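Q: Could you walk me through how to read this structure, one feature at a time?

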Protein chains: 2
Amino acid sequence: MAKIKDVAEAAGVSPSTVSRVLCNGPVSDKVRKRVEAAMAELDYRPNMAARRLRSQHTDTIGLIVSDIRNPFFTAVSRAVEDEAYRNGLRVILCNTDENPDKEAMYLRLMQEERVTGVIFAPTRQTVGEIDPEALGFPVVMIDRASPDGSADAVVLDNRRAAAQLVTHLLSNGYRDIGGLFGNTSSTGMERHAGFVEAMQQAGLAAPARFAAPSVEAAEQAVSQWLAATPRPQALLVSNGVLLLGAVRALKAAGLRWPEDMALVGFDNDVWTDLLGDGLTVIEQPVGEIGRSAMAMLMERLEAPERSPRSVVLQGKLVVRGSSRAR
Amino acid sequence: MAKIKDVAEAAGVSPSTVSRVLCNGPVSDKVRKRVEAAMAELDYRPNMAARRLRSQHTDTIGLIVSDIRNPFFTAVSRAVEDEAYRNGLRVILCNTDENPDKEAMYLRLMQEERVTGVIFAPTRQTVGEIDPEALGFPVVMIDRASPDGSADAVVLDNRRAAAQLVTHLLSNGYRDIGGLFGNTSSTGMERHAGFVEAMQQAGLAAPARFAAPSVEAAEQAVSQWLAATPRPQALLVSNGVLLLGAVRALKAAGLRWPEDMALVGFDNDVWTDLLGDGLTVIEQPVGEIGRSAMAMLMERLEAPERSPRSVVLQGKLVVRGSSRAR
DNA sequence: ATGAAAGCGCTAACAA
DNA sequence: TTGTTAGCGCTTTCAT
C-alpha cells in the first residue's frame, strides 16, 4: 500500500507538500494537480492511525447507548451518525445493556481511542458519576441526565410529557390510572414523577410499578397487574419497549383497548398506529435529539469552559383510539 | 495524559517492559505488579492510534449496511458488534441508504482506517464489483451476495423461503397470488425468482411488482395494486420494511386479512404477531447471520487463500392468521 | 510556495 | 526476563 513518501517521489515533491495537498494547505495549483495525479496513479489512501497519532486529533466520537435495538436509540443513532459523517467525524457505537460494568469498560475504551467527545445515555447508577474532567473528553448526555444539570444534556421534558398523558386520560373520563416505568433510567423516574404529580393534582392515587427495560419484563409485570383486582381503567407506560410488553400482556389476557383498559405510552414506534385504532403516545423528536446532541458536542469543543447546558425538548401527544373516552 | 514512558519511569523499568505488560508478553510477576501499580497510579491509557500505527494491525472491522433502522439490520448489527467486542475488535458502522456513491465512499474510508475486514450488505449495483484484492481487506457479504458465489457470504436461502411461502398459500387454497419485491437488492431478486418458480410449478401466473426499499414506496405500490381489478387473493412481500408499507396500504383501503386479502412476508419483526391474528412470515435467523459473518471473517483472516464460501441459512416459516384458508 | 528535520506513542527486533 | 534502538506514516515546525 502506497505511502506518502511514494506519492512524493512519484510527483517529484517532498512528503510535506503531499501532506499539504491532503490537508488543503497552501500549494500551488500546478503542484497540487501533479500530486493528485500521483495519488490516483498509486491508489494512495492516507493512513488514519498515523495521521491521528501525529496530529493529536482523532476526529472520532463515541456513542454509548443501552441497546441499539430499542427503536428510540436506533433512530437517535442514525441521526447522530449522519450528522457526524457530514462533519468528517467517525463514530464508535457501543451497547451497554444498562450494565454499569460495560459502561465503565466502554468509557475506558473511549479514552484509549482518544475520542473527541462522547454522546452517552447512562443508566441511573452511572448518571451522576460522569466526570468529563477525569475522562479527558466532553460528554453530552442524551435521554437521561443528572438532575442537577451539571452536565451537558439533551433530554425530553419527561415530567411534562407524562403529565400530558395523564391530563389526556383524565379529560377522557379515566380516573383509575396505573403507571409502568423502567427501573434503570433517570427517564423512567422523571416520567414517574410527572405521572404522580399530575395524578395528585387531580386528587387521585398514582399506583405505579417498575420493570426492567425489556419487553419480557414488561409483559410479566403487566400480566401480574391484570391478575390483580380491581384492575386499573387505564395504563400509562413509560417507553416503547415496555409498551410493547404491555400490549402483549393485554393480548394474552384477551383484553381490548380502550374497552377493557385504556393504554397510553411513550415513543411513536412504527407499529403503534397499526393496532386497532392505534395507541395514544408521546412522540419523541428522535432525529432532533441526535442532531442536537451532535451540535451540543461541537459547541462544547469550541467552548470547553462554558457552563453546562440542558436542551429540553417537548414531546408531541399523538392521540389515537387506545385512550378514547368510553 | 500519561504515556508509556511515564509509566516506565514510575515503575523503574524500560518502556518495552511496560509494553510487554500491556500485550501479555513475558514479564516476571514482580515487575508486572510494579508496572500495573504505576499504570493505575498514573491512570494510564494506551494510545490506540500509536499502537495501530506501530503494530500494523487495527483490530477494527467495518460493518456497512443500508440502514440501521431496518430491524433486520439492527438485529444483525447488534450481533456483529457483540461478537466483535468479545473478540477484542472494534466496529465502524456505516449506513449507505442503498446509495452506490455512499458505498464507494465508505469502502474508501475502510481502506483509510486499514480495517482488518468488512461485513457488507451491498446494493444490487455494487454486489458484483467488490474486489477484496483491490480493497486490501477481506469482505464478507451479508443478506446479499453475487450470484456466482465469488465472495464469502452469509445469506438466507431466499428462493426456498419464497417458495415456502407460496406453497403455504397454495395449500391454504390461494391461487391468485401477487408478489412485491425490493428493487435494490439481490435479495429481492432471488425472492422474486423463488416466487416465480413456485408459482410456475403450480401452473400459475406470478404477477410481481417492485418497489424502492421504503415503507412509503411499498405503501404506494400496494395501494395502486389494490385499486386495480381484480385484486389478488393474496400478497407476498419480500421484506419487513415493505411488509409494513403493505399493511398500511391495506388498512388505508379498509381491507382486512385474510378475509379481503391474505398477506405473507419476510422478517419476524416485533409487530407482526400483534395485528389481528398475526402475519405469516419467514423468520430470518438474524443473530446467527451476524455471528456467522463474524466467524467467517475471522476464518478468512486465518486462511486468506482458501476459496470463497457461502453460508446459506434457512428461514423459518411462522404461520399466523394472515394466511388462513378461507 | 516548498523542503528538511523532528517526533507523535508505541512495539518489535535484537542484544544482553 | 529485561533494555536499547529503530521506525510505523504522517504532520508540523522552521527555514528557505
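A: We can begin at the DNA: the largest share of the surface near DNA strand D, five residues, is given by α4(A), where helices (H or I, at least four residues) and strands (E, at least two) are DSSP runs numbered from the N terminus. This is a predicted model, in which local features need pLDDT of at least 70 and side-chain atom pairs count only at pLDDT 80 or more, while totals for chains, interfaces and linings use all residues. Residues are numbered from 1 along each chain as its sequence is written, and chains are lettered from A and ligands numbered from 1 in the order in which they are written.

Q: Which residues come nearest to DNA strand D?
A: A residue is near a strand if its C-beta atom, placed from the backbone, lies within 6 Å of it. Around DNA strand D there are 25 residues, of which A:K3, A:I4, A:S16, A:S19 and B:R54 come nearest. Two or more residues each are given to this surface by α2 (15-22) and α4 (48-55) of chain A and by α2 (15-22) and α4 (48-55) of chain B. By class, the surface near DNA strand D holds 13 nonpolar, eight polar and four charged residues; here Ala, Val, Leu, Ile, Met, Phe, Trp, Tyr, Cys and Pro count as nonpolar, Asp, Glu, Lys and Arg as charged, and the others, Gly among them, as polar.

Q: What surrounds DNA strand C?
A: DNA strand C is surrounded by 25 residues, the closest being A:S16, A:P26, B:K3, B:I4 and B:S19.

Q: How is chain A related to chain B?
A: Two copies of a chain are related by a rotation about an axis and a shift along it. In this model, chain A can be laid on chain B with an RMSD of 0.1 Å by a turn of 180 degrees and a shift of 0.0 Å along the axis, the superposition being by least squares on the C-alpha atoms of residues with pLDDT of at least 70 in both. That is the relation of a two-fold axis. In chain A, the C-alpha nearest the axis belongs to A:A49, 2.4 Å from it.

Q: How many residues of chain A are in contact with chain B?
A: Two residues are in contact if their C-beta atoms, placed from the backbone, lie within 7 Å. By that rule, 33 residues of chain A are in contact with 33 residues of chain B. On the side of chain A that touches chain B, the elements giving two or more residues are α4, α5 (71-86), β2 (90-95), α6 (100-112) and α11 (240-252) of chain A, and the residues of that side divide into 16 nonpolar, seven polar and 10 charged. The copies meet through the same surface, because 100% of the interface residues of chain A are also interface residues in chain B.

Q: Which domains does chain A have, and how many residues does the contact between domain 2 and domain 3 take?
A: Domain bounds come from an automatic or database domain assignment, which for chain A gives domain 1 (4-54), domain 2 (60-156 + 286-313) and domain 3 (158-285 + 317-323). The C-alpha centres of domain 2 and domain 3 of chain A lie 28 Å apart, and their contact takes 17 residues from domain 2 and 14 residues from domain 3. To the side of domain 2 of chain A that touches domain 3, α12(A) gives the most, with four residues.
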